[in-house]
Amino acid sequence: MRGHRLLAAAVLALAAVAARAGDDARLRAVDPAELTYTYAVGRFASEYTPPAPGSYTLPPIATVTDHPLLDADGRPTTLFALTQGRLAVVAFVYTTCIEATGCPLSLGVLHRLDRTIAGDRELARRVALVTISFDPERDTPARMAVMRSFHAPASDWRFATTRSEAELAPLLADFDQPVAKLRFADGVWSGLFRHVLKVFLLDGQKRVRNVYSVGLLDATLVLNDLRTLLLESARAAELH
């Protein structure tokens, strides 16, 4: 229970900046359709039992390349340096997102994955979790370190950002992760982003093997997918 209270406090504290945007009269004048696109309603609740690990396949969707990042301690790193050839669950967020079905949902699912992975020796050795901000202007390494401290990772869960929007753009394009600043009519940024919630599953060859959005972002499904890829790797090793 204490952990849940700390996590809730973290979300409220980091959402304060975005919440203050609601005091600006211009935000109330934004086209409701724009806000609906950014803040989708509803929450995914699985009504089925995901298939057992290894009973299905996950064909490669795309291949990503390496990109420069800054870790939560401000040290230069890269995406591949964080994943180190392991399976990886990669999520793009911004820490001041206040929509429950947006970035907080993504962080909540990764939090649950982190605890389960930490308790499974094979998963802990073979899986990395990576949360990357698409708001480098506000999500400095120091802020990502705050987020890391509140989640207190039990597995290898890394928090990272980029130096600038220019450095971020090729990374988002590589993952086909659309993100846009929601602006007022006068061009001033509202502090909000219009984005599609996506979490990506990478294999050890840097290939995207699944993409989870609101309708599929379920910790049990992600875990079954991870175990399916581990079984696939084991079968491939046996053939060699």
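Me: In which loop is glutamine 84 found, and is this residue buried or exposed?

Reply: This is a predicted model. In it, glutamine 84 belongs to the loop between helix H5 (79-83) and strand S4 (87-93). Exposed means over 50% relative accessible area. The relative accessibility of glutamine 84 is 53%, so the residue counts as exposed.

Me: What is the phi of glutamine 84?

Reply: Most residues other than glycine have a negative phi. Glutamine 84 is a residue other than glycine with a positive value, and its phi is near 55°.

Me: Where is alanine 152 found, and what is its phi?

Reply: Alanine 152 is in the loop between helix H8 (141-151) and strand S6 (157-161). With a relative accessible area of 42%, alanine 152 is partly exposed. Its phi is positive, although the residue is not glycine, and the value is near 45°.

Me: Is glycine 102 buried or exposed, and which residues is it in contact with, leaving aside neighbours within four places in sequence?

Reply: Glycine 102 has its place in the loop between S4 and H6. Its relative accessibility is 7%, and buried means under 20%, so glycine 102 counts as buried. Leaving aside neighbours within four places in sequence, the contacts of glycine 102 are Cys97 and Leu197.

Me: At what angle do helix H6 and helix H10 pack, and why is H6 oblique to H10?

Reply: The axes of helix H6 (residues 103-118) and helix H10 (residues 219-239) are 9 Å apart.

Me: Which residues make the contact of H6 with H10, and how many of them are nonpolar?

Reply: The crossing of the two helices, H6 and H10, is right-handed. H6 contributes Val109, Arg112, Leu113, Thr116 and Ile117, while H10 contributes Ala219, Val222, Leu223, Leu226 and Arg227. By class, the contact has 2 charged residues, 1 polar residue and, as the number asked for, 7 nonpolar residues.

Me: Which residues touch the most other members of the largest nonpolar core?

Reply: In soluble globular proteins, nonpolar side chains tend to be buried together. In this protein chain, buried residues make up 47% of the 240 residues. The largest nonpolar core has 58 residues, and those touching the most other members are Val89, Val90, Phe92, Leu113, Phe175 and Leu226.

Me: What does phenylalanine 175 touch, not counting residues up to four places away in sequence?

Reply: Phenylalanine 175 is among the residues that touch the most other members of the largest nonpolar core. Not counting residues up to four places away in sequence, it touches Val64, Leu79, Val90, Phe92, Phe200 and Leu202.

Me: Is leucine 172 buried or exposed, and which residues is it in contact with, leaving aside neighbours within four places in sequence?

Reply: Leucine 172 lies in helix H9 and is buried, with a relative accessible area of 10%. Its C-alpha atom and that of phenylalanine 134, 38 residues apart along the chain, are separated by 8.2 Å. Leaving aside neighbours within four places in sequence, leucine 172 is in contact with Phe92, Phe134, Gln177 and Val179.

Terms used
Residues numbered from 1 in each chain as written. Predicted model: local features only at pLDDT ≥ 70, side-chain atom pairs only at ≥ 80, totals over all residues. Heavy atoms only, no water. Axes fitted to C-alpha atoms, helices over the stretch in contact; angles between N-to-C directions. Helix = DSSP H or I, 4+ residues; strand = E, 2+ residues; numbered from the N terminus. Left-handed = near helix turned anticlockwise from the far one by under 90°. Contact = heavy atoms within 4.5 Å. Nonpolar A, V, L, I, M, F, W, Y, C, P; charged D, E, K, R; others polar. Core = buried A, V, L, I, M, F, W, Y, C linked by side-chain atoms within 4.5 Å. Buried < 20%, exposed > 50% of the residue type's maximum accessible area, 1.4 Å probe, protein only.
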